[in-house]
Amino acid sequence: MNFKNRTYWLFLLPTLLALLLVLIIPFFQGVYYSFTEYDGFQVTSFVGFDNYIKLFSDDQFLYSLGFTAAFSAASVIGINVLGLSFALLVTQKLGKVSTLFRTIYFMPNLIGGIILGFIWQFVFLKAFTGIADVTGIEFFRGWLSDTETGFWGLVILFVWQMSGYIMVIYISFLNNVPKELLEAATIDGANKWQSFWKVKFPLIIPAFTVSLFLTLSNAFKVYDQNMALTNGGPFGSTEMATMNIYDTAFKVQDMGYAQSKAIVFLIIITLISVIQLYITRKKETEL
Amino acid sequence: MRNKERTHKYTMMFIGAVVSLLWIYPFYLVFINSIKTKSDIFESTLGLPGTPTLENYPTAFAELDFLLTFFNSVVVTGGSILIIVICTSMAAYALSRKPGKTSSAIYFLFAICMLIPFQSIMIPLVSLFGAVDLLNRTGLAIMYLGLGSSLAVFLYVGAMKGIPKALDEAAIIDGCNRFQVYWYIMLPMLKSTTVTVIVLNAIWFWNDYLLPSLVINKEGMYTIPLKTFYFFGEYSTQWHLALAALVIAMIPIIVLYMFLQRYIIDGISEGAVK
């Protein structure tokens, strides 16, 4: 017995309406604004591709894209290496402490980027200096005061936040590895290392697809953490693409131009996601 | 062999414990310094407080206007979750019970919309909602429904495929209308999916900063992340107050996590894997 037409649309209406108002209309409007000069209230002129041409000679925007890409690459590696290690650790038969470890590793993920950013600002500015004073190791001095430490500060913060989340994904895939396979491998004389690489690893390849997709797109879209930890400083050298777009829109009020940046940002994210999904899916079938 | 197993187990426990300590150290540092005096923090950030004090807390609590701020967060998160759960489960019910080209097309639309990053619609969204006077909490809830609908619909459709159609048909023959079937039969059977949807969205709404900062412009309606941000802007040089504020801001979610951690972690893994 299928839905009557009227009831069917009635059930879908609120959600579809929200989708239309929040994503679909703004999306097309956004594409339109990117070809105009727009101050947030009215379109003053249609400028064709001018915004897009300007954008390719906007050094700060290009820099922020590069910075975002580097940040994402470092974060994706860190998060997945740690996330998988944590998952392997807590799925060993360690008894109750496994749950405790899992709870602790996951905890940063529950707290918002703003608060996490401020926590690490304190750690880098005050605690690191404290460590430098006590141990005399200069490595801990002056964090967040230059581009390099700002970059790694952001990476550390984001890896700390996201590893527990990715761990949860790897755990659910590891738990689905059939026990008989692992037992058979042990009987055949495989050690822990071999049973990981030869048995578990090929079976959790789909987890990489999910995890890489999630971490990559999340890393690219980071904003709160960036603002709370470094606020782009010093001198815009740790400014990510999202912050550049935000500032162009709401501080400079050059909305049409900001929107053209946002469209470029959309294209980049979509391309990366599609390529990444394509590559990992291909790897999945090869194995 | 047994000895080797045991060594392996203890090595793992040791590594796990060291990493755990490292992982909670930032929280520990923030907490321990929040119960120091201003000069204590300055003299020794890493050490224990000379004389522990709670004197930073009343000031931070008052400056955060915490009861009101907490209430605002509960209203925004709770209201938005209620709307998203009801609306998306209804939509999913319709999609899963009327297969065909229309439903597939709508499903595909949800999938496409999932790929749009927030930044690329942020500017027109604010203009559009501003034009119809919806830059307030109602508008925010509608935005969350639109932005969060794809994932929630997917989760609900997936779960509903497992519920036999014969069940709703029997109920309809017994005289229930569609809405009654949905409300009295489907929703109760979808409890575990609803928990997942609630967990995923609650963490997002509760912690979200960027969207509320664009939408909520009355100070009396600020949520915890907004208020924390403005508080920090004013007091960042006064770490003793700023740290106490951070601890206060984190308390609700940490307490909730202690009681519900199993549901939270299960919900997250359900949501990510599907």
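Helices (H or I, at least four residues) and strands (E, at least two) are DSSP runs, numbered from the N terminus. The model is predicted: local features need pLDDT of at least 70 and side-chain atom pairs count only at pLDDT 80 or more, while totals for chains, interfaces and linings use all residues. Residues are numbered from 1 along each chain as its sequence is written, and chains are lettered from A and ligands numbered from 1 in the order in which they are written.

**Chain B as a whole**

Select chain B and colour by secondary structure. The pattern along the sequence is α-α-α-α-α-α-α-α-α-α-α-α-α, that is, 13 helices and zero strands. The C-alpha trace spans about 75 × 70 × 35 Å along its principal axes. The radius of gyration of chain B is 24 Å, whereas a compact globule of 274 residues would have one near 19 Å; the value is taken over C-alpha atoms, and the globule rule is 2.2 Å times the number of residues to the power 0.38.

Next, colour chain B by burial. Of its 274 residues, 42% count as buried, meaning that 20 or more other C-beta atoms, placed from the backbone, lie within 10 Å of the residue's own.

**The two domains**

Select residues 2-43 of chain B as domain 1 and 56-273 as domain 2; these bounds come from an automatic or database domain assignment. Their centres, taken over C-alpha atoms, are separated by 33 Å. Eight residues from domain 1 and eight residues from domain 2 of chain B take part in the contact between them, where two residues are in contact if their C-beta atoms, placed from the backbone, lie within 7 Å. On the domain 1 side, helix H1 (2-34) and helix H2 (38-43) of chain B each supply at least two residues, and H1(B) gives the most, with four residues.

**Where chain B meets chain A**

Now show both chains. The contact takes 67 residues from chain B and 71 residues from chain A. On the chain B side, select helix H13 (residues 239-273), which supplies the largest share, 13 residues. That side divides into 48 nonpolar, 14 polar and five charged residues. Here Ala, Val, Leu, Ile, Met, Phe, Trp, Tyr, Cys and Pro count as nonpolar, Asp, Glu, Lys and Arg as charged, and the others, Gly among them, as polar.

**The nonpolar core**

Finally, select Met167(A), Tyr170(A), Ala245(B) and Leu246(B), the residues with the most contacts inside the largest nonpolar core, which has 152 residues. Such a core is a set of buried Ala, Val, Leu, Ile, Met, Phe, Trp, Tyr and Cys residues joined through C-beta atoms within 7 Å. Centre on Tyr170(A): leaving aside residues up to four places away in sequence, Tyr170(A) touches Gly83(A), Leu84(A), Ala87(A), Ile204(A), Ala207(A) and Ser211(A).

Technical notes:
A residue is buried if 20 or more other C-beta atoms lie within 10 Å of its own, exposed if 12 or fewer, and partly exposed in between; C-beta atoms are placed from the backbone.
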